[in-house]
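User: I have a model open and would like to go through its fold and a few of its residues.

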Amino acid sequence: MGVTASVLAIDAGNSKTDVALIAADGSVLGTGRGGGFQPASVGVEAAVDVLAEAVAKAVGAVSLPYAAHVSACLANADLPVEERQLAAALESRGWGSTVEVRNDTFAILRAGVEEPRGVAVVCGAGINCVGMTPDGRTARFPAIGRISGDWGGGGGLAEEALWCAARAEDGRGEQTALVRSLPGHFGLPTMYALIEALHLGHIAPERQHELTPVLFATAAEGDAIARSLVDRLADEVVALATVALTRLDLLTEEAPVLLGGSVLAARHPQLDDRIAELMSARAPKAEIRVVTEAPVLGAAQLGLDHVGASAEAHARLREAYA
């Protein structure tokens with residue numbers, strides 16, 4: 001078969017990929033799921049091969065090109081130059097006549113808004129923020145880590161908690177209940193034992209992320225150091241959101257500010273309350289809510305934006321993911 005679809009939508013995170021084949025009227029013709037997108041670890045072509053497996057599930061027997069336009073929102077596409085490199089890699093596969101690659105945070109934003117207008121802050125393993133307006137303007141941050149000025153994210157919070165607890169145990173820092181709750185999570189008696197286990201690889205590095213919920217639980221019990229880290233994360237979320245709103249001339253207007261990612265979606269009361277308090281003071285007209293829609297919906301909506309689809313097509317697509 002030739003081209004039957006309008007948009008091939010791809011949302012690829014570090015751990016999984018979702019693909020949807022969308023008709024011109026917004027109908028979902030097929031979906032597929034595959035593994036995570038990690039070009040920095042496996043190389044661009046191998047990473048795109050992972051996308052190809054999910055694409056194959058979505059398109060079924062459709063022959064190349066699968067759609068008029070490919071809208072791909074990809075993790076690790078942090079800089080515009082990386083987006084261009086990845087777009088070239090996808091173009092070489094011939095999946096669509098045109099290809100647009102964006103950072104995957106744009107998918108979360110577009111999934112949560114009726115029109116391409118607003119700001120999204122995502123805090124999962126890392127932290128990122130993007131914004132966009134219907135005239136095509138965008139606001140974004142490199143979001144590479146500390147070298148690009150970032151603080152927070154689940155991984156960053158776990159590291160800060162370890163830093164505070166280690167110094168509390170050896171006397172260099174203020175006392176905190178983290179000195180017991182962090183090693184206790186792994187069944188260890190002291191921070192020294194936890195440091196040794198992490199250093200020697202007895203605890204896998206990726207398990208360090210398990211300490212983020214422990215930090216929030218310790219904060220909820222009233223520990224001052226843990227609470228200060230949660231407050232700082234709220235400060236970072238609000239700083240990102242308000243800077244993006246300012247760049248887009250939306251700071252004083254009614255505009256959606258969407259919160260996504262595992263840390264923000266967990267709805268920790270202290271974090272939620274401080275974000276609401278600070279946003280109320282700095283951007284009182286902002287409409288804050290947690291995104292619950294599937295990010296692949298956002299990638300598909302961005303694709304329909306690109307091809308100039310009707311409002312009815314957008315509505316039909318959104319209804320399919322309701």
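This is a predicted model: local features need pLDDT of at least 70, side-chain atom pairs count only at pLDDT 80 or more; totals for chains, interfaces and linings use all residues.

The questions and answers below take the sheet, a helix pair and single residues in turn.

User: Which strands stand at the edges of the open sheet of 5 strands, and why is one side of each left without a neighbour?
Analyst: Strands are DSSP runs of E, at least two residues, and helices are runs of H or I, at least four, both numbered from the N terminus. Two strands pair if DSSP finds at least two bridges between them. The order is 3-2-1-4-5, with mixed pairing.

User: In what sense do strand 1 and strand 2 pair, and what is the bridge partner of leucine 8?
Analyst: Strand 1 (residues 5-12) and strand 2 (residues 16-22) pair over 6 bridges, and the sense is antiparallel. In strand 2, the bridge partner of leucine 8 is leucine 21.

User: At what angle do helix 9 and helix 11 cross?
Analyst: Axes are lines fitted to C-alpha atoms, for helices over the stretch in contact (heavy atoms within 4.5 Å), and angles run from 0 to 180 degrees between N-to-C directions. The axes of helix 9 (residues 224-247) and helix 11 (residues 269-282) come within 9 Å, and the crossing angle is roughly 35°.

User: Is arginine 117 buried or exposed, and which backbone oxygen does its side chain reach?
Analyst: Arginine 117 is in the loop between helix 4 (105-111) and strand 6 (118-123). Its relative accessibility is 18%, so arginine 117 counts as buried (buried is under 20% relative accessible area, exposed over 50%, partly exposed in between, with a 1.4 Å probe and protein chains only). At 2.9 Å, the side chain of arginine 117 reaches the backbone oxygen of glutamate 254.

User: Which peptide bond is cis?
Analyst: Proline 65 lies in the loop between helix 2 (44-59) and strand 4. With omega near -10°, the cis bond runs from leucine 64 to proline 65.

User: What is the phi of asparagine 76?
Analyst: Asparagine 76 is in the loop between strand 4 and helix 3 and is partly exposed at 27% relative accessibility. Although asparagine 76 is not a glycine, its phi is positive, about 70°.

Terms used. Residues are numbered from 1 along each chain as its sequence is written. Side-chain values use heavy atoms; hydrogens and water are left out. A polar contact is a pair of N or O atoms within 3.5 Å; within protein, one must be able to donate a hydrogen and the other to accept it, and residues adjacent in sequence count only if both atoms are side-chain atoms.
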